[in-house]
Structures are given as structure tokens and as C-alpha cells.
Amino acid sequence: MKKVIINQYRFLGDIIFIEPIFRYFHNKGHQVIVPVDTEYLWLQQYIPYVQFIDKATFPYNYEGVEQANDGNIHLPLRFAHPLYRGYDDLHYGDDRKNWMRDKYLYLGFDEYFWRTIQWERNRINEEMLFILKCRAGKITGPYNLINQHFGGTHEKVEIIPDNDLPNVYMSKVDDFTLLDWAMVIEQAANIYVVDSSIVWLIEVLKTKAEQIHIYPRMPFLPNVDHLNGYLTKNWIRHDETS
């Protein structure tokens, strides 16, 4: 058994996106170690076969690809895109549509392997959050689920649904995580989200939403063209038009 150390300490969407890679090496009998920013250590309870370590306590060359010749397997997935595309340095270019898929192509995996993302769902937390956000708000029937935030809730895009259903807004809730929103996501009649890590959850969960709306990260990105090839459900795009 070897240690497989994966350099992808942020962002949440990126870490969730490569869960199948973690699982692949775990199933091969390796010890999978993923140093992460402190705020993501909660992932341990949902992906228990991975050893998530606080990056602050784990000395490592996080900003490069050269690592100690220690017999371990080092995977610099933070830099998969420039490495796979053969760039002169480790900076990402404007080829945003390939940033995520290259994490798989770099290792020789099928680019759609990400669609097998899975985690151990905390059904108790999911039901508690569903009650808190829906039933406590006296919502007993169909509802719109809205996520207006991206970049760890630091940025916001205003979203106004075009129907009269009650709205459930995603937000940070103490003692719950993004993955605990799974039940709320699955039960929503319609979904309205800005481009963020929640896209991967919507794609792999068994949603029943009749419409799934996606908005670009305005004013930084005018459209979601970079998600072409990733979105397979009944997404309705709200790209900026000139």
C-alpha cells in the first residue's frame, strides 16, 4: 500500500468534483491523503475513506509539482489543466471549459468519470435541514430552491423566480454543510442557482425539479459556456445578452 497525496486543498467544488479519483485509489488499496483548508475538514464525515488533513499542519509543496522522492504517489491536481495542456508554467489560461475535465484527463481517466461522485449522506441532518428550511417556514407543497451565492458566499447574484411558488434560499446554516442540502435539492419543484459547486450536486442527485435555472457569475463571467458538456439535465441558461 502506498500513500496517495493529492494536492487540491481548495475549492469546495473542485474537491467534490474529484471524489471518484479519491475512491479509485482507495479501491486500489492505497491510503488517500488530501490536505485541505481548515474550512473543508468537515468533508471527513462524508468521505470517510479519505484522510483529510488540515493544510496548515501538513508541510508540502502546494504551489508546485516537485515533491520529495519518498515512494509515495503525488498528484498535483491543482495544476492538472496547465500540466495536461502543456503550458509553459502552472498558471491557468482562459480555457475555462477544460479546467475541471482536465483533472481526469491528466490521469488518463474518462472525462465523464466525475458523474459517479458519491458521498455518505447524513440522512438525519438532511431531514433536519429540510424541516428547518421548509416545514418551519410553513412550506408544505412545491417550492423553488434558490442559491444566489458563489465564491464561498462572498459573491452574490440576484435571482428572482418567474412563478408564485414559495422560495427556499440556500445559505450557511450552523451545524449543517453543503452536502446536507441534498434532500432539499432533490425535493424542489424548481431550482434557480448561480454557477457554483452546487452544480455538481444537482447533476448527480435524483432531482425532481421540472426546471433547473442557472445564472452566470456576474459581473465576472457573462455566461456559462464553460459548462458545456457538463450539464445533462433540463437546465435553463440565463446568460447575459448584449
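1. Helices (H or I, at least four residues) and strands (E, at least two) are DSSP runs, numbered from the N terminus. By that scheme, Arg 101 is found in the loop between helix 3 (80-85) and helix 4 (102-105). The model is a predicted one, in which local features need pLDDT of at least 70 and side-chain atom pairs count only at pLDDT 80 or more, while totals for chains, interfaces and linings use all residues. Residues are numbered from 1 along each chain as its sequence is written, and side-chain values use heavy atoms, with hydrogens and water left out.

2. Is Arg 101 buried or exposed? Arg 101 has a relative accessible area of 9% and is therefore buried (buried means under 20%, exposed over 50%, partly exposed in between; 1.4 Å probe, protein chains only). A polar atom of the Arg 101 side chain lies 2.5 Å from the backbone oxygen of Lys 97. Residues up to four places away in sequence not counted, Arg 101 touches Phe 17, Glu 111, Asn 228, Gly 229 and Tyr 230 (contact means heavy atoms within 4.5 Å).

3. Asn 72 is placed in the loop between strand 3 and strand 4. Its relative accessibility is 24%, so Asn 72 counts as partly exposed. Neighbours within four places in sequence aside, Asn 72 is in contact with Lys 3 and Ile 5. The C-alpha atoms of Asn 72 and His 30 are separated by 9.8 Å, the two residues being 42 apart along the chain.

4. Val 65 lies in the loop between strand 3 (50-54) and strand 4 (73-75). With a relative accessible area of 30%, Val 65 is partly exposed.

Methods
Polar contact = N/O pair within 3.5 Å; in protein donor to acceptor, adjacent residues only side chain to side chain.
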